[in-house]
Amino acid sequence: MGNPRFCGISLLEDSGRLNAGAAFELASAPRRDAAVNLGSATVAVAAGKPVVVVRCAGTSHEEARATGLRLADQGLDLLAIRGLENLSIKGIDEEHLTWWPDQQGLVIRLVSIAPLRIDVPPVRATVLDKEGNEVASAPEPEPDWHESFRYFRLSQVSEDLFDAFRNAYLALESMLSDIAPQQTKGDKIAEPEGSWFRRALVEADKKLALVDFAPAGTSDPVDHLFRELYIDMRSAMSHAKSGRKVLLPRNEVERAAVTASLGRLVQLYLALAKEHLGARRRGGGMFAAGFRMMNKPLLGRMEVFASDDPSSFDPTSTSLNPAGGELVRLTSSEDLDDATPFVLTRLYWSTAKSLKSLSAVRRVGGAVDGAPAMASVLEGDLELGLASRFEVLLGTRGVNLNQPRTRYLY
């Protein structure tokens, strides 16, 4: 058994030492083979394969993923500045591969989280008279167009988290400039930006209670939102000077902080749009408890198989191996609790020895009562080589389509 490979790229160093690593899907395929060294780590891409592979240190899935993701972005930065490739990682929390050494040897894990789009349309209320006839009601007035709507829409359609925050901030800024215009003297601005934003928040607080849009326990919501939205987010996102607080795109810790702040920012903007402009956003959704109640039993009943079947994904297929590739069943291990309310996952595994009849792992699929339920088709062949254990973390993520966006790909 040789060096395990994915998309033709070795997962281990040439010496065969059991290092860790990770592989992530790219938004587009590279035009050529390329690799960069980052200390003892290596970042590599292969022509025509939309995957970046990182060989690095690590002793667990979590460490391999976190270190691999950080180094993958650094490696792609270097490829771009050298003029070799301009590439971007796609959907880092949906599909990726990790590997790391344990006491038995090398563990390789495939992670595949399928989005489940939940479309609960706005409810239309109907009034009936005592005979059961519908009583005509006056239609809800449509708001006049406002410039802030453009920024809000762009924040919802962007795939980039920082771009979404900037546009959502501009939507709020546009709204606040109506409520409390920035002071001018002649044709010049006479009020500093930060001073105006704080004053505008004070005026907004008179229209609605800003305490409802700050973290629980906040004693001074105006001061908190000023510091969070203007200083910690807007200013840090707009500067990259040495010695200043900056937010580096694609840093996972900073992404979490920006995501939480963006949620509060959007809710504040929508509340002001309703109060100040009469623009009420309608739309329903599913609660996290309901999502778990509906989907957890199905995940528990699912049988999962690895296959060397080369077929591309077809949602209408009635088979896990449409081209007749071999199927090898994996052992169900355990549900893994995820801190994210709308995510359910379960771990499946097999010894690599049990999969030796497969020429390579090309897809993993799950079936419930014999009917295909989900499948993950790899971007290229995964050759397990000398690996000791193959794991698959399968799951689903609920996305409420009619609620403000909370998840971004980049």
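## Contacts along the chain

Of the contacts in the chain with a separation of 6 or more, what share comes from residues 24 or more positions apart? They account for 69%, a contact being heavy atoms within 4.5 Å.

This is a predicted model, where local features need pLDDT of at least 70, side-chain atom pairs count only at pLDDT 80 or more, and totals for chains, interfaces and linings use all residues. Residues are numbered from 1 along each chain as its sequence is written, and side-chain values use heavy atoms, with hydrogens and water left out.

## Overall build

The chain has 7 helices and 17 strands; these are DSSP runs, H or I of at least four residues for helices and E of at least two for strands, numbered from the N terminus. Its C-alpha trace spans about 75 × 70 × 40 Å along the principal axes. Of the 410 residues, 44% are buried, meaning under 20% relative accessible area with a 1.4 Å probe, protein chains only.

## Two cores

Now for the inside. A nonpolar core is a set of buried Ala, Val, Leu, Ile, Met, Phe, Trp, Tyr and Cys residues joined through side-chain atoms within 4.5 Å. The largest one has 41 residues, and Phe165, Leu176 and Leu272 are among those with the most contacts inside it. Helices H3 (161-179), H4 (193-207), H5 (221-238) and H6 (252-277) each give two or more residues to this core, with H3 giving the most, 11.

Leaving aside residues up to four places away in sequence, Leu272 touches Leu172, Met175, Leu176, Ile179, Ala204, Leu208 and Leu277. Apart from this core lies another, of 40 residues, including Leu97, Val304, Phe342 and Val368.

Conventions
Buried means under 20% relative accessible area, exposed over 50%, partly exposed in between (1.4 Å probe, protein chains only).
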